[in-house]
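Thanks for coming. Please have a look at it first.

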Amino acid sequence: MPDLTLETEHGGLVCGVDEVGRGPLAGPVVAAAVVLDLDQLPKGFRKRIDDSKALTPEEREEAFGEIRRCALIGLGAASVREIDTINILRASLLAMRRAVTALGIRPDLALVDGNQDPTLRCPVRTVIGGDAKSLSVAAASIVAKVTRDLIMRDLALRYAGYGWEHNAGYSTPDHRRAIRDLGVTVHHRRSFGCVRMSLGGQLVLGLDEDSAAAH
């Protein structure tokens, strides 16, 4: 269960940073930076916050609402075009940098989930499995996951048949079948093997790349 040990060890203004969406075949990668106001944490908050993957969708939504009331949040994303241009790892680090910038303040330390340092204007400490160790990182993982799921549900309304409202763009059997049967959309990651193999001779559904980047 994540706690505040890493935050209190450093002291000062500490933000947790995490990203969601490295693995999907479609959609952006989304990152969140969270600075918890320790004086405003609701009763029982620490017991309800966990790695986003360990929570049900309903628990994540409820936790997200609580986080918004007791934290400063910054969100960042990298588009499908950026993912295909600079690769998913660099795009993930870019989304993290954008999330920390969006806080509007300069933290004294960023606790970043994983083992890769994004280039930030503050000191960085990477923490493998950070969303299971740091309350701030766990909160960031929840915010990023809920935000990305909302984006994919919105896209699902415009691109029916791919199941993005429940698979969030991941490589599930129904998603792969839809790519085979319906084709590739502008929101699919062409640099990913499953999508790249499906592109031969197929029309790309939806807007052109420049128009899609504006959405």
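**The sheet and what surrounds it**

I start with strand 1, residues 14–20, and strand 4, residues 109–113, which pair in the parallel sense over 4 bridges. Keep in mind that this is a predicted model. Two positions show the pairing: Val 17 stands opposite Val 112 in strand 4, and Gly 16 has Leu 111 in strand 4 as its bridge partner.

On to strand 2. Strand 1 pairs with strand 2 in the antiparallel sense, over 5 bridges. Val 17 turns up here again, with Ala 33 as its bridge partner in strand 2.

In what order do the 5 strands of the open sheet stand? The order is 3-2-1-4-5, and the pairing is mixed. Strand 3 (71–78) and strand 5 (124–127) each have a single partner strand, so one side of each has no neighbour in the sheet. From one strand to the next, the twist averages 20°.

A helix lies against this sheet. Helix 5, residues 88–102, packs on the sheet and touches strand 1, strand 2 (29–36), strand 3 and strand 4. The direction of helix 5 makes about 145° with that of strand 3.

Back to strand 1. How many of the 7 residues of strand 1 are buried? The count is 7 of the 7, so strand 1 is largely enclosed by the rest of the structure. Val 14, Gly 16, Asp 18 and Val 20 point one way from the strand, while Cys 15, Val 17 and Glu 19 point the other way. Both sets are buried.

Which element gives the most to the lining of the second largest pocket? Strand 1 does, with 3 residues.

Last, the cysteines. The structure holds 0 disulfides. Take Cys 122: the closest cysteine sulfur, in Cys 15, is 5.5 Å from its own sulfur, which is too far for a bond, because a disulfide needs the two sulfur atoms within 2.5 Å. Is Cys 122 buried or exposed? Cys 122 counts as buried, because its relative accessibility is 9%. Cys 194, at 24% relative accessibility, counts as partly exposed.

That is what I have.

Definitions and conventions. Residues are numbered from 1 along each chain as its sequence is written. This is a predicted model: local features need pLDDT of at least 70, side-chain atom pairs count only at pLDDT 80 or more; totals for chains, interfaces and linings use all residues. Side-chain values use heavy atoms; hydrogens and water are left out. Two strands pair if DSSP finds at least two bridges between them. Axes are lines fitted to C-alpha atoms, for helices over the stretch in contact, and angles run from 0 to 180 degrees between N-to-C directions. Contact means heavy atoms within 4.5 Å. Buried means under 20% relative accessible area, exposed over 50%, partly exposed in between (1.4 Å probe, protein chains only).
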